[in-house]
Amino acid sequence: MNDIDVATTLEFIQVYRGSGDEPGAEIRGGNVHVSSLYISECENTSLNFRSSDSEFTGSLQFVIIQSSEFPSKNDQDFTARDQSEFTISNLTMIGAGRTSTPDELSAIRMRSDVNYSFYNTLIAAYNNDGL
């Protein structure tokens, strides 16, 4: 999703077993509200925010991320970078558990120039850091 306008709301989205070099869902720039997003079993990062020509400033509500049992492309399920500013409410992230997830897999990675707020968040079953 690239540079989506502030008047846009995306609802009831499911991503299942995304593979290849791209994340399950990626938002590049713009200002969008996303509600009811379910991402599961992705090989690469499940959710990624990054800037394109403009920064991403938006919100997400009711987000569930379920990690793949064998993630192979990255070391975190959710990444934000490059002048992102967002709010996430009602986020649930479930890793694959201690026996099947690589030791280096983290739930969330925030890079420089990121302003964020999380409300009502549950992160469980990751071997490494939650945030």
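## The salt bridge

At 28% relative accessibility, R28 counts as partly exposed, a class that lies between buried (under 20% relative accessible area) and exposed (over 50%), computed with a 1.4 Å probe on protein chains only. R28 forms a salt bridge with E26, and their closest N and O atoms are 2.9 Å apart. The term denotes a side-chain nitrogen of Lys or Arg within 4 Å of a carboxyl oxygen of Asp or Glu. E26 counts as buried, at 12% relative accessibility. The structure holds 1 salt bridge.

## Basis of the model

This is a predicted model, in which local features need pLDDT of at least 70 and side-chain atom pairs count only at pLDDT 80 or more, while totals for chains, interfaces and linings use all residues. Residues are numbered from 1 along each chain as its sequence is written, and side-chain values use heavy atoms, with hydrogens and water left out.

## The nonpolar core

The largest nonpolar core has 27 residues, of which I39, L47, F49, L60, F78, F86 and M93 touch the most other members. Such a core is a set of buried Ala, Val, Leu, Ile, Met, Phe, Trp, Tyr and Cys residues joined through side-chain atoms within 4.5 Å. At least two residues of this core come from each of β1 (2–16), β2 (25–40), β3 (47–50), β4 (57–66), β5 (76–80), β6 and β7 (106–110). Strands here are DSSP runs (E, at least two residues), numbered from the N terminus. The largest share of this core, 6 residues, is supplied by β2.

## Aromatic pairs

A search of the whole structure finds 5 aromatic pairs. F86 and F118 form one that is edge-to-face, with 6.2 Å centre to centre and 80° between the planes. Rings of Phe, Tyr and Trp (its six-membered ring) pair if their centres lie within 6.5 Å; planes under 30 degrees apart count as stacked, over 60 as edge-to-face and the rest as tilted. Because F86 lies in strand β6 (residues 84–94) and F118 in strand β8, the pair ties together parts that are 32 residues apart in sequence.

F86 is buried, with a relative accessible area of 2%, whereas F118 is partly exposed at 21%. Ring pairs link F78, F86, Y116 and F118 into a cluster.

Y126 is found in the segment after β8 (114–124) and is buried, with a relative accessible area of 6%. Y126 and D77 are 49 residues apart along the chain, and their C-alpha atoms are separated by 9.9 Å. Leaving aside residues up to four places away in sequence, M93 touches residues including D77, F78 and Y126, where contact means heavy atoms within 4.5 Å.

Technical notes:
Helices (H or I, at least four residues) and strands (E, at least two) are DSSP runs, numbered from the N terminus.
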